Structures are given as structure tokens and as C-alpha cells.
Amino acid sequence: MNNNSNHYTDHFMIGFEQARELIFDTVSENAYEVISLADSSGRVLAKPIQANESLPPFNNTAMDGYAVVASDLKEASPEHPVDLKLAGITAAGELPSNVDDTQGTAWKIMTGAPVPRGYDSIIPVERTQLKNNIVSCYLAPKKGDHIRKIGEDFLAGETIGELGEIINSNSIMAYSAQGIDKVTVFARPSIAVFATGKELVDDPKAKLKPGQIRNSNKPFILNWLAKYPVELIDAGTNLDDAEQFENDLKQCLHNQVNIIISSGAVSMGDFDFIPQTIQKLGGEIIFHKSKIKPGKPILFAKFSNGSFYFGLPGNPISSIIGVRFFVSTALRKMLGLTMEYAALASVNNVYSKKAGLKNILKSHLKITSEGQLTIQILDGQESFKIKPLLRSNSWAIVDESIEQLNKNDKVEFYPNHMNWE
Ligand SMILES: Nc1nc2c(c(=O)[nH]1)N[C@H]1C(S)=C(S)[C@@H](COP(=O)(O)OP(=O)(O)OC[C@H]3O[C@@H](n4cnc5c(N)ncnc54)[C@H](O)[C@@H]3O)O[C@H]1N2
Ligand code: MOO
């Protein structure tokens with residue numbers, strides 16, 4: 001029998017929201033680094049970005065057509081065209097020579113070309129006819145028609161990227177339009193992932209011996225985290241060898257890995273060596289056990305070198321909940337993001353649970369033909385059941401006190417992945 005130190009936490013289980021807030025408050029933001037814009041998709045801005053230049057940088061035309069003086073064409077209509085003298089032609093990328101007297105003239109101009117000084121509107125080429133250098137105009141334009149004004153999109157100096165914003169393809173277009181090729185972002189947190197359990201088999205080709213199962217938690221955890229800007233370390237599978245684990249953990253601490261994750265060995269079993277090893281190496285257990293099902297025995301600890309530890313319960317669904325809701329919270333803080341909040345959907349089936357723990361349920365969220373968000377609580381909620389995940393795209397969160405959900409009740413939910421756009 002081991003002297004499991006987590007007995008003392010049996011009578012105290014931290015609430016789900018409280019645990020996540022505590023993680024968010026305990027963890028600090030990562031250091032900054034400057035990277036090239038081309039490599040920045042999915043990274044988080046650590047410094048705001050200002051527009052270098054006004055855009056458009058000059059007044060230009062939105063149409064292929066003629067720059068004209070609107071007051072010359074007041075009487076123009078499809079039945080009574082007004083003739084103007086052709087004064088010149090400019091393509092996009094060219095600078096027009098300016099005309100002294102624009103009155104009574106038109107300047108041929110292509111989309112994107114600067115509007116020559118003295119003209120105040122554009123008429124599209126299809127509303128005109130050109131013959132012998134005379135432009136017949138079939139339209140009375142309003143002053144400013146089809147002119148894209150200097151600075152109408154961006155003004156030099158305005159903030160176009162806020163601290164904590166995630167860079168996506170849209171931001172890459174905007175920053176490229178500004179000649180910005182470097183961005184300051186939060187450095188990727190390093191995350192080491194261990195699986196523990198003597199019963200685990202990593203080799204997919206190996207035939208299972210009695211008592212063995214395949215390791216599914218580690219592939220999930222590595223894959224889930226790979227969608228975010230992190231540096232992943234597969235720290236191996238520990239076959240319940242506490243001494244080996246102690247050495248591996250020492251190595252992680254020596255390398256100042258930001259987040260260390262293990263699945264398994266945090267509960268009440270004789271080989272649940274994670275809490276003791278953490279304490280032996282000077283780690284402070286901040287909480288062990290939360291009022292949730294599945295995932296109750298989750299452990300969060302910190303080390304004086306700045307590394308954080310998440311001991312995820314070994315049952316597959318419990319380990320998912322550990323990364324989806326607890327590790328993710330630390331990750332968000334390290335990357336300068338805000339906490340995530342749940343959204344609401346209407347339940348479309350009846351679901352019963354015991355009062356006491358907050359349930360986090362495998363669910364299928366969909367948009368109905370009426371445009372409503374509905375959520376179905378899936379069958380097979382036990383924490384060892386993996387198959388329902390194949391239908392599951394979200395997690396419904398049902399409060400401690402609730403014993404039954406009825407059709408059309410509102411329930412909080414989170415998608416499987418954090419919104420990262
Ligand atoms: N006496 C008690 N027993 C248990 C309690 C309790 O409060 N009192 N809590 C139960 C709950 S809830 C959970 S969750 C588990 C958590 O246990 P551990 O974190 O110690 O995990 P293990 O015992 O190592 O494994 C649990 C279960 O999960 C399977 N497993 C483990 N790792 C993997 C992996 N990488 N891939 C796939 N499956 C994995 C393992 O074979 C076990 O079946 O404790 C309960 N017991
Ligand atoms: O709560 Mo354990 O995490 O149900 O399987």
C-alpha cells in the first residue's frame with residue numbers, strides 16, 4: 001500500500017470554474033519573439049501593430065472609365081449625351097501629368113490609377129463612347145463617384161492589431177498591405193506529454209497480451225495540442241516505473257519545459273505515483289480533484305523553476321477533459337489570450353444525471369434548418385468509452401445541482417477545439 005498523499009484532498013474538491021480561474025491567475029504570459037509575417041499564422045500578437053501608411057496611398061479610380069468634372073455633365077443622360085475632349089490616358093501604376101484646365105475634358109483612366117488633379121468623379125467606360133478624341137458621356141455622375149479616397153481604408157498610425165489578437169489569413173492580408181513583414185508574438189510554450197500505465201502498448205502492430213490495452217491518450221493529447229502554437233515533446237510512455245518517471249521529470253524541469261502533462265496514475269491506486277513524485281521534486285500541488293465528472297482526480301502543480309504540471313486522470317475521456325478545459329486555460333494565459341467562455345444551445349434529448357458533480361458530456365452540436373443551435377447529449381458517457389467521440393463535436397456542461405435535462409432546456413457548451421481564428 002503506498003502512502004498516497006492525495007488522500008488529504010478527498011474532502012476538498014475545487015469547482016470547475018474556480019479551478020480554471022486559479023490556473024489562469026497562477027500561470028504567467030510567455031516571453032516575446034519577433035518572427036516573419038509569413039510564419040505567423042495562428043500566433044498571438046504580443047505587441048500592437050500600427051499602420052505604417054495610409055491606404056489607399058492616393059485618390060484612385062474604382063472603375064475603368066474617365067475622370068471628369070461632375071459639373072460638366074449635369075445635363076448628361078442616355079438620351080442626351082454630353083461631349084468632353086479627351087485630355088490623356090493613365091494606367092494603374094502610372095502617374096498622370098496634370099492638366100491646367102480640366103473643364104470640358106475627360107481623362108481616360110484604368111482601375112487603381114491615380115485620379116489626375118482637377119477631376120472629381122469617374123464615369124465607367126460602358127457609360128461613354130469615344131470617337132475622334134471626343135468622349136460622349138451618357139451619365140451625370142455625382143461628385144466623388146467611383147473615387148477611392150486616400151486613407152479611406154487605413155490611416156497611417158492607427159492601431160490595426162491589438163495585443164492578444166490571433167494572426168490569421170485576414171491579418172496577413174492587412175499587414176502585407178502595410179508593408180509589415182515582422183511581428184512580435186508570444187513564444188510557443190513547450191509542452192512535454194507522458195503517458196503512464198504498465199498496461200499500455202504503443203506499437204500499433206503489437207498483439208495485445210492479457211491485461212494490455214493500446215495507448216490512445218497520448219496520441220490524442222499530442223494531436224489536440226498540435227493545432228496551437230506550441231512546441232510538443234513526446235516524453236514517452238512510462239510503464240508505472242516511479243524511478244524512471246522521477247528521472248524523466250527531473251530532465252523536463254532541467255530543460256524548463258513550460259507545461260508537463262501526464263495521463264494516468266493520479267488517483268487512489270497503489271501505483272498512482274504522480275503526486276508523490278511531484279512533491280519529492282519540490283513541486284507545489286495547487287489542486288488535486290475537481291468537482292467534475294469525468295476527470296475528477298485532475299492535478300495541477302507548479303515548480304519553482306516556472307514549469308507547470310497537469311496530472312490528467314488516465315481514463316480516456318477524463319484525459320481529454322484535462323487538456324480541453326485545464327491545460328487549454330494555461331495555454332491561453334501563456335499566449336496572452338483571455339479566458340474562454342461557454343455558449344448556449346437547446347438540448348434535443350432528455351438526459352438524467354446524479355446531483356453532486358458538474359458533468360462534462362460528449363455531445364453533438366448542430367444548426368437546425370430553422371437556424372437554431374441544438375445539442376444532443378450522446379449515449380455512452382462513461383469515461384472509458386471512446387466510440388461516442390466519433391459523433392461528438394462539443395462538450396455540454398451540466399451544473400452540479402441538476403438531475404435532469406429536458407428537451408429544449410438551455411445548456412452551456414464548448415466546441416471540441418478552442419476558437420483559434
Ligand atoms: N478507489 C478509487 N478508484 C478510482 C477513483 C477514486 O476516486 N477512488 N477515481 C476513478 C476515476 S474518476 C478515474 S478518472 C481514474 C483515474 O485514475 P488514474 O489517473 O490513476 O489512471 P489509471 O488508473 O492509470 O488509468 C485509469 C484507466 O484509464 C486507462 N488508461 C490509462 N492511460 C491510458 C492511455 N494512455 N490510453 C488509454 N487508456 C488509458 C487505464 O487502463 C485505466 O483503465 O481512477 C478511478 N479509480
Ligand atoms: O471522473 Mo473519472 O475521470 O470518471 O473517469
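Is Phe186 buried or exposed, and what is its relative accessible area? In this predicted model, Phe186 is buried, with a relative accessible area of 1%.

**View 1. The aromatic pair of Tyr32 and Phe186.** Among the twelve aromatic pairs that the structure holds, the one made by Tyr32 and Phe186 has ring centres 5.7 Å apart and planes at 85 degrees, so the pair is edge-to-face. Because Tyr32 belongs to strand β1 (residues 32-36) and Phe186 to strand β12 (residues 182-186), the pair ties together parts that are 154 residues apart in sequence. Phe186 is buried, whereas Tyr32 is partly exposed, with a relative accessible area of 47%.

**View 2. The aromatic pair of Tyr228 and Trp420.** The ring centres of Tyr228 and Trp420 lie 4.8 Å apart with their planes at 70 degrees, and the pair is therefore edge-to-face. Tyr228 is located in the loop between α3 (217-225) and β16 (231-238), and Trp420 in the segment after β28 (410-415), so that this pair ties together parts 192 residues apart in sequence. Tyr228 is buried at a relative accessible area of 5%, and Trp420, at 11% relative accessibility, also counts as buried.

**View 3. The surroundings of ligand 2.** Ligand 2, which sits in the largest pocket, is surrounded by Pro294, Gly295, Lys296, Pro297, Asn315, Ser318 and Ser383; the residues of this shell divide into two nonpolar, four polar and one charged. A backbone N or O atom of Gly295 lies 2.4 Å from an oxygen atom of ligand 2, while polar side-chain atoms lie 2.5 Å from a ligand 2 oxygen atom in the case of Ser318 and 2.4 Å from one in the case of Ser383.

Notes. Residues are numbered from 1 along each chain as its sequence is written. Chains are lettered from A and ligands numbered from 1 in the order in which they are written. This is a predicted model: local features need pLDDT of at least 70, side-chain atom pairs count only at pLDDT 80 or more; totals for chains, interfaces and linings use all residues. Side-chain values use heavy atoms; hydrogens and water are left out. A residue is near a molecule or strand if one of its heavy atoms lies within 4 Å of it. A polar contact is a pair of N or O atoms within 3.5 Å; within protein, one must be able to donate a hydrogen and the other to accept it, and residues adjacent in sequence count only if both atoms are side-chain atoms. On a 1 Å grid over the protein atoms alone, a cavity is a set of points where a 1.4 Å probe fits but cannot get out, and a pocket is an open set with protein on both sides within 12 Å along at least five of seven lines; lining residues have an atom within 4 Å of a point. A molecule sits in a cavity or pocket if more than half of its atoms lie within 2 Å of its grid points. Ala, Val, Leu, Ile, Met, Phe, Trp, Tyr, Cys and Pro count as nonpolar, Asp, Glu, Lys and Arg as charged, and the others, Gly among them, as polar. Rings of Phe, Tyr and Trp (its six-membered ring) pair if their centres lie within 6.5 Å; planes under 30 degrees apart count as stacked, over 60 as edge-to-face and the rest as tilted. Helices (H or I, at least four residues) and strands (E, at least two) are DSSP runs, numbered from the N terminus. Buried means under 20% relative accessible area, exposed over 50%, partly exposed in between (1.4 Å probe, protein chains only).
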